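Hi,

Here is the structure I said I would pass on.

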Protein chains: 2
Amino acid sequence: MNHFFKIPFTWIITTSVLPQVRTTFNQNFRGISQICGNLEPRSWNSMEGLVRCPANYVPLSPITFLERSAKVYRDRTSVVYGTVKYTWRETYERCLRLASALTQLGISRGDVVATLAPNVPAMYELHFGVPMAGALICTLNTRLDSAMISVLLKHSEAKVIFVDHELLEIAWEALGLLTKRKSKIPILVVISESDGSLTSSSTTAFDKEAYVYENLLSKGDVKFEVRKPENELDSISINYTSGTTSEPKGVVYSHRGAYLNSLATVLLHGIGAMPVYLWTVPMFHCNGWCLIWGNAAQGGTNICLRRVRPKAIFDSIALHKVTHMGGAPTVLNMIVNSSTSDRKPLPSKVEVMTGGAPPPPQILHKMEELGFSVSHLYGLTETYGPGTICQWRPEWNSLPPEERYRLKSRQGVQHLGLEEVDVRDPVTLESVPDDGKTMGEVMFRGNTVMSGYHKNPRATEEAFRGGWFQSGDLAVKHSDGYFEVKDRSKDIVISGGENISTIEVETVLYSHPAVLEAAVVGRPDNHWGQTPCAFVKLKEGFQADAEEIIKFCRDHLPHYMAPRTVVFEDLPRTSTGKIQKFILREKAKAMGSLF
Amino acid sequence: MNHFFKIPFTWIITTSVLPQVRTTFNQNFRGISQICGNLEPRSWNSMEGLVRCPANYVPLSPITFLERSAKVYRDRTSVVYGTVKYTWRETYERCLRLASALTQLGISRGDVVATLAPNVPAMYELHFGVPMAGALICTLNTRLDSAMISVLLKHSEAKVIFVDHELLEIAWEALGLLTKRKSKIPILVVISESDGSLTSSSTTAFDKEAYVYENLLSKGDVKFEVRKPENELDSISINYTSGTTSEPKGVVYSHRGAYLNSLATVLLHGIGAMPVYLWTVPMFHCNGWCLIWGNAAQGGTNICLRRVRPKAIFDSIALHKVTHMGGAPTVLNMIVNSSTSDRKPLPSKVEVMTGGAPPPPQILHKMEELGFSVSHLYGLTETYGPGTICQWRPEWNSLPPEERYRLKSRQGVQHLGLEEVDVRDPVTLESVPDDGKTMGEVMFRGNTVMSGYHKNPRATEEAFRGGWFQSGDLAVKHSDGYFEVKDRSKDIVISGGENISTIEVETVLYSHPAVLEAAVVGRPDNHWGQTPCAFVKLKEGFQADAEEIIKFCRDHLPHYMAPRTVVFEDLPRTSTGKIQKFILREKAKAMGSLF
């Protein structure tokens, strides 16, 4: 193991080893140029006869994709939601109306517009309509509680919030909390069902002051002059990190980055012209991994799903002939463990992007059996979602299944939008050898890395130290150049001086026939420092006790890596399907030392 | 017909109607901002917490594609030429050596390096190696004569020229002309066959001073530090227009535009990961329609062909399982008229991009029969090659063949890299109605429009008047939003006040069973102003006289559109397959008035 693991975590507080950095932390924000280089590249020295003018220079923006699709694909279906269907021309016109209506509500360039909604057509439209009004879209996670929503509304200074009728109560509570604290209250717009219907609880909103989405649109002007970004680095969205830690940060995307990551993701996933895309990834998550914009680029049909359930997934695939979809392994897990009565045969191969956690072999195997073709990608909110892909090599098709799944569980190589993704020593920033053993931190550099954390220069500065975005994920590099994430830096368990990848332990746990879900964290230990502690949820109708689980792990892993403790319970997850290990760590801590 | 055709050509000399423009013509170059808007967009006003730094901002450049493929696809075949094969890692290393060797020859940032070579591996490598040395690549048309080559070398101020061993004599003559005129002589590098062999004539070069490509590479340093562009608007290449007019202009591309057009062309052509691309488009033409870079982005295999001949095409397709290729209709014509002994069955569907001229229905039909799938794209050297595509709609598949071919011969809609392509009135710049009748000029706006004409501010200014690149192509817009080019503005024939699209007349001529090639120009006429004059080449073994051809046209066209004169002869073409109408116009002029 690499030297820096001998002194665990000191490198995370890098300021302690870099006096220069510590100084700038206490200075104002301009200090960042000392750490990550010049902010402005050399300006363009034109040769004679050359110019930069509106004929040959346009700020990159995904708004262009919609404008183009409204022309190229104008009568093709853009969005489907139950019985609701729009064409690209209609979607474009609705977005123009929306942008116009927002300016009527007082929205100016640089203002923030929040959303709290599942994957309904309005969410799709807001991703264009808000930027077309010159504003930033801030998509709140639909599983947050009212307290957190009020915190994020305050932090983002959102001037308007669009709320799905089913989530109105929680939004209303959040606004109540803001009132109590004498904070500014955003204007509330209720997204009704497309037929105009609302849930009963949401009607209370109309006793108070609120707009209704469809009414608002009808007042918008279809001839609205779009407020294109004046500079392509202007911000397009804020994504608050989903909270695997307890401190959410507002990750800001630019028009340029959104344009480039949309195209890179389309290419990475092999999305040709006119795909049929099923929305099983939350649109609020990294703006739907940038595919809200990417599908507009390719004139795709967006199948919206309010609730991601196996029956709805299989029904949608059969009905609409879905070609592409995405989802965290937890969504794949739901699909492969669905009851046969919920299933339908796939009309043809469905390409599935998975990411957020490495897909366990069992899930890959069962997905293949069902007719899905799974690609594994990797990225963070800070990299606009997808940043790397385990680019599949045709020669791997002839390998035995276990070997194929092992290869596919790796995070792979950077996509086309990034300049470089590498595994580097977090202290020296030197590239680690490609020996499959030496751990380092995954680092990103390129145009699809966030502009920074909203109103948090200190966090931005720390994330970009040395001119690299430092992901906090620990990985090894293999001899074929593909890297493999072993753990989050804060998740790794260190027992008797040895690093234990919780991902490796979890992979073994998932291969146990009775295990539905598993997560491993460190339990404090007076002797070893930490020991691995497994939280496990069993499949319905299956049984297993701690002893059996531990024995199974010891049969498949070096003994020091096997859990010493197994707890059976439901696992706490973020709405994007990530297990909230900080909650489990708290529980393990509360247990105290094992010996 | 639109009003501006009533006063033919006055609008081409637009300065005569825009006093403001005329003034700036006589002033210095800064005057251009008055015509096409501000040169610099607003600089970025960062919000608190956001930065632009090397972690999240990298100038866009196709060099990135090669660096990435050297990692992602490193052991896959990059380039094939006869028995020569390289992997992506090898190609990358060869390009590093080449860039290093260029700096050893004294090449600095912004210098120009010329090439005179067919589609051999060195041409592929030069497209990366030259920019990696910070220089511009200027790819000369291999069919130019020594006089024109000397003019272009002088104009471009090329410091080095790479010459294929078969073209050495003509290059040597060109350098001789430069010596006579006491101009600076570029350093000569001879590209031998990859086995080191040279044609006999080329050995004379070694009596004089010259380098050999492979020797030069062997002296380059594989650890060369790449000179990335400091600003993404820095120039990457100069493409001299191929001379459908007699005045070639140096069209300059930027790293940004090359990056964006590469991706747009990859997406437009549906080029997935790891394609097998057959080089039937000259690499010197718009840098191979940007697919030299685009294939690197997708880790494709580049099959190089020194000579584009039907047998070599069919052999390569069968041997390498070609997936994609491109070519002007003249290449398609060569394929469909090939002898059966030259043909081989296609192992699977081959996607063919055609452009440069609308593909005649007969050719589309025969290409389909042979198993090719043809897409029609359109663009100009000034738009980095491909700029629009006749985006195929699945519902058109069920139409009768004639209808399908008629739809496909249209130039279509803009690709993803452009902001807008429209048909506009050349005087008022107003969009023409989509009635399929009103003619206007095709105009482009977006990031894949050239930086300008090298050392020709006046021509740049004129091309970008009003913030649009004005193509000089006349077209109509159809009700489905697709546009159709009717003629080059200078090619249109005006007879008795009526506009005659020479393309329409040529389409009828091509449908005559005896006609192999046809071109129509205006012949001066004392009564009508002009009358259509057809130049025709007959198929081998076929016979037809002028009377029969004229009758055939009158049977298929309004009488005023039918040619009054038919000349049987070989048609003069540029090396990219375009018919040189200016030569034919001279001939027609020399004939004098018909009546």
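Let me start with one residue: Glu506(B) counts as buried, because its relative accessibility is 11%, under the 20% cut-off. Bear in mind that this is a predicted model. Glu506(B) sits in helix α17 (residues 502-510) of chain B. So what does the side chain of Glu506(B) make a polar contact with? The partner is the side chain of Lys581(B), at 2.7 Å. Leaving aside residues up to four places away in sequence, Glu506(B) touches Ala518(B), Ala519(B), Val520(B) and Lys581(B).

Next, the interface. In chain B, 88 residues are in contact with 88 residues of chain A. About 7,400 Å² is buried between chain B and chain A, and carbon and sulfur atoms give 54% of that area. There are 38 residue pairs in polar contact across the interface of chain B and chain A, with both residues at pLDDT 80 or more. On the chain B side that touches chain A, at least two residues each come from α2 (32-36), α3 (63-72), α9 (255-268), β16 (413-414), β17 (418-424), β18 (440-446), β19 (452-453) and α16 (457-463) of chain B. The residues of that side split into 44 nonpolar, 23 polar and 21 charged. As for salt bridges, the count between chain B and chain A is six. One that you can pick out by eye joins Arg256(A) to Glu232(B), with the closest N and O atoms 2.8 Å apart.

Over all chains, a search of the whole structure gives 64 salt bridges. A few that I looked at individually:

- Lys344(A) and Asp315(A) meet through their side chains at 2.6 Å, N to O. This pair links distant parts of the chain, 29 residues apart: Lys344(A) is in the loop between α13 and β13 of chain A, and Asp315(A) is in helix α12 (residues 310-320) of chain A. Lys344(A) is partly exposed at 38% relative accessibility, and Asp315(A) is partly exposed with a relative accessible area of 21%.
- Arg445(A) pairs with Glu420(A), the closest N and O atoms being 2.9 Å apart. Arg445(A) is in strand β18 (residues 440-446) of chain A and Glu420(A) is in strand β17 (residues 418-424) of chain A, so the pair ties together parts 25 residues apart in sequence. Arg445(A) is buried, with a relative accessible area of 19%, whereas Glu420(A) counts as partly exposed at 24% relative accessibility.
- Asp570(B) and Lys537(B) form a salt bridge at 3.7 Å, N to O. Asp570(B) lies in the loop between β26 (565-568) and α19 (581-591) of chain B and Lys537(B) in strand β25 (residues 529-538) of chain B, so parts 33 residues apart in sequence are tied together. Asp570(B) is exposed at 54% relative accessibility, and Lys537(B) is partly exposed with a relative accessible area of 27%.

There is also a network: salt bridges with shared partners join Asp164(A), Glu166(A), Glu193(A), Arg306(A) and Arg307(A).

Last, a helix. Which residues of α14 (residues 361-370) of chain A are buried? They are Ile363(A), Leu364(A) and Met367(A). Looking down the axis of α14(A), these buried residues fall within an arc of 100°, so they line one face of the helix. Their cover includes α13 (329-336), β13 (350-354), β14 (372-380) and α15 (401-408) of chain A. After α14(A) comes Gly371(A), with a positive phi near 105°.

Cheers

Methods:
Residues numbered from 1 in each chain as written. Chains lettered and ligands numbered in written order. Predicted model: local features only at pLDDT ≥ 70, side-chain atom pairs only at ≥ 80, totals over all residues. Heavy atoms only, no water. Contact = heavy atoms within 4.5 Å. Buried area = accessible area lost by both parts, 1.4 Å probe. Salt bridge = Lys/Arg side-chain N within 4 Å of Asp/Glu carboxyl O. Polar contact = N/O pair within 3.5 Å; in protein donor to acceptor, adjacent residues only side chain to side chain. Helix = DSSP H or I, 4+ residues; strand = E, 2+ residues; numbered from the N terminus. Nonpolar A, V, L, I, M, F, W, Y, C, P; charged D, E, K, R; others polar. Buried < 20%, exposed > 50% of the residue type's maximum accessible area, 1.4 Å probe, protein only. Arc of directions from axis to C-beta.
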